Amino acid sequence: MKYTQAKHLSLLLFVLLFTNTVFSQVSSKQIDSIVHYAMTKFNVAGSAIAVVKDGKIIHSKGYGVKSIVTKEPVNEHTQFAIASNSKAFTTAGLAILVEEGKINWEDKVKDHIPEFTMYNDYVEANFSILDLVTHRSGLPLGMGDLMFFPDGTDFTMDDLLSSFQHFKASSAFRTKWDYDNLLYIVAGELIARKSGMTWEAFTKTRILEPLEMDNTFSSLTDIKDTSNLSASHATEAGVIRVIPTFKEMMNGAAGGIFSNVDDLCQWMFVQLNAGKYGEKLDKELFSATNHDEMWKMHTVMGVRKNPRYNSHFSGYGLGWFLSDVLGNMKVEHTGGLPGMLSETILIPDMNLGIVILTNTSDDGAGLFSSVSQTILDLYLGLDNFDWMDKYADYLKSKESGGDAVTDKVWETVENLKDKSIDTKKYIGLYKDSWFGNCEIFMKDDQLWLKFHRSPKLNGPLRFYEDETFAVKWEYQDMNADAFVTFALGEKGKAQSIKIKGISPNIDFSFDFHDLDLKK
């Protein structure tokens, strides 16, 4: 009995070790096959992917085309907007300033930026640098993103710093996670003030140049040779089209970096090596202490108890999402701008890094999610879960559900196009305390809306029901069309406006619902 038990345990141990060895050795050929299949499942113009393991680049390659117009192929050096994956560069910049003694993580923001405001006196006085980059401000999801989304607005840093006093909190300070972009822009301004150079210049000289990320740029305007810059794409009714490249406003600390998978291997290496870099790892970008600070959970999030990964925790560090998969720490972030989507995943316990860049909205998320999950599963020794097929089915279902809602709205609008409307009661100038003026006027016998500070947000108002109209914006790079509802006063004249998106799939940055427009 004892002999049989021992023999059984030895055999089991051999199987486990052998299985782990097989699945931990993922080849470039396997990755290539995965991505090629994904490119057939998702409507994406181009993508690029790199995988690093144990200090080596396992795979670095481009797929598809930079532009459906030029048909030029993507390669490992093709630049994409990495969007919110830029946030970790901003927190690394803060870490560098902490080590130089110019700031401390717990410093109050007002001590460095006196003009900084918040929605009440206590929060304003106690708001720390950590609060800028941990999404725990108490403000609702994406609050104020309309100041730079869509691009082309005229808001300045002074406008931004004074705007927070007008925002309304949705939760108690430091109690709940709600994603925020504007506070990262404030963090970029803090870096500029304490370093004596712009966030863009600081990021270039203190991070990109030391890591020899020579084809990475902290702003679009820094790219003088655009011959290997990917175009941005959007899909409409299943057809891909090129859209203008998004231009960051004020600074790029929340999402302004353009990079490529070859350069981002160096970024993953320095992260996996706790701030060390160079051939002999004898150079230091930031200390292990600050590396731990950036990978420490500062804001707790809800955990999805997925039995496949036996996950136990989920939260946000400094520019990174943190969770666990089968006992391994997972450090990741995604990024999204019109026509550009990206993902970075680090598994430090396995010395593994995966980065995926795509140049097409919507389906790009399905591609980076399914490809990264498939590769990660291989390294974890899990069975094939058909991630590509599952994500493709999910996106189709989500898209069709959203289309059904919007199609019904515009069908209703079309059926009511001949309805007589007293347009005079709506005409006038309306103002929101932080977003500025909205004008309702007649244009070519059509009721029209335009925001003075966001030129792309203008369009015709079409009657929908009661005092509600539907607006189709001039801006169509993303699905952002909205309901516009007027509240009438005692004399039957409009006194205020509320706006909300029509599609259930509208991006959270179109926070029209946070506006309080009064005549």
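The structure is a predicted model, in which local features need pLDDT of at least 70, side-chain atom pairs count only at pLDDT 80 or more, and totals for chains, interfaces and linings use all residues. Residues are numbered from 1 along each chain as its sequence is written, and side-chain values use heavy atoms, with hydrogens and water left out.

**Helix packing**

Helices (H or I, at least four residues) and strands (E, at least two) are DSSP runs, numbered from the N terminus. Helix α3 (residues 87-99) packs with helix α8 (residues 182-195) at an angle of about 35°, and their axes are 10 Å apart. Such axes are lines fitted to C-alpha atoms, for helices over the stretch in contact, and angles run from 0 to 180 degrees between N-to-C directions. On the α3 side, Lys87, Thr90, Thr91, Gly93, Leu94 and Leu97 make the contact, and on the α8 side Tyr184, Ala187, Leu190, Ile191, Lys194 and Ser195 do; contact means heavy atoms within 4.5 Å.

In helix α9 (residues 199-208), the residues Trp199, Glu200, Phe202, Thr203, Ile207 and Leu208 are buried. Buried means under 20% relative accessible area, exposed over 50%, and partly exposed in between (1.4 Å probe, protein chains only). These α9 residues lie on the same side of the helix because they cover an arc of only 160° around the axis, the arc being that of the directions from the helix axis to the C-beta atoms. The buried residues of α9 pack against α3, α8 and α10 (261-272).

**A buried strand residue**

Ile345 belongs to strand β13 (residues 340-347) and is buried, with a relative accessible area of 1%. Apart from neighbours within four places in sequence, Ile345 is in contact with Lys330, Val331, Glu332, Leu352, Gly353, Ile354 and Ser372.

**Cysteines**

Cys265 is buried at 0% relative accessibility, and Cys438 is buried at 0%. A search of the whole structure finds zero disulfides, a disulfide being a pair of cysteine sulfur atoms within 2.5 Å.

**Backbone features**

Most residues other than glycine have a negative phi, and most peptide bonds are trans. Phe149 and Pro150 are joined by a cis peptide bond, with omega about 0°; Pro150 lies in the loop between α6 (129-132) and α7 (157-163).
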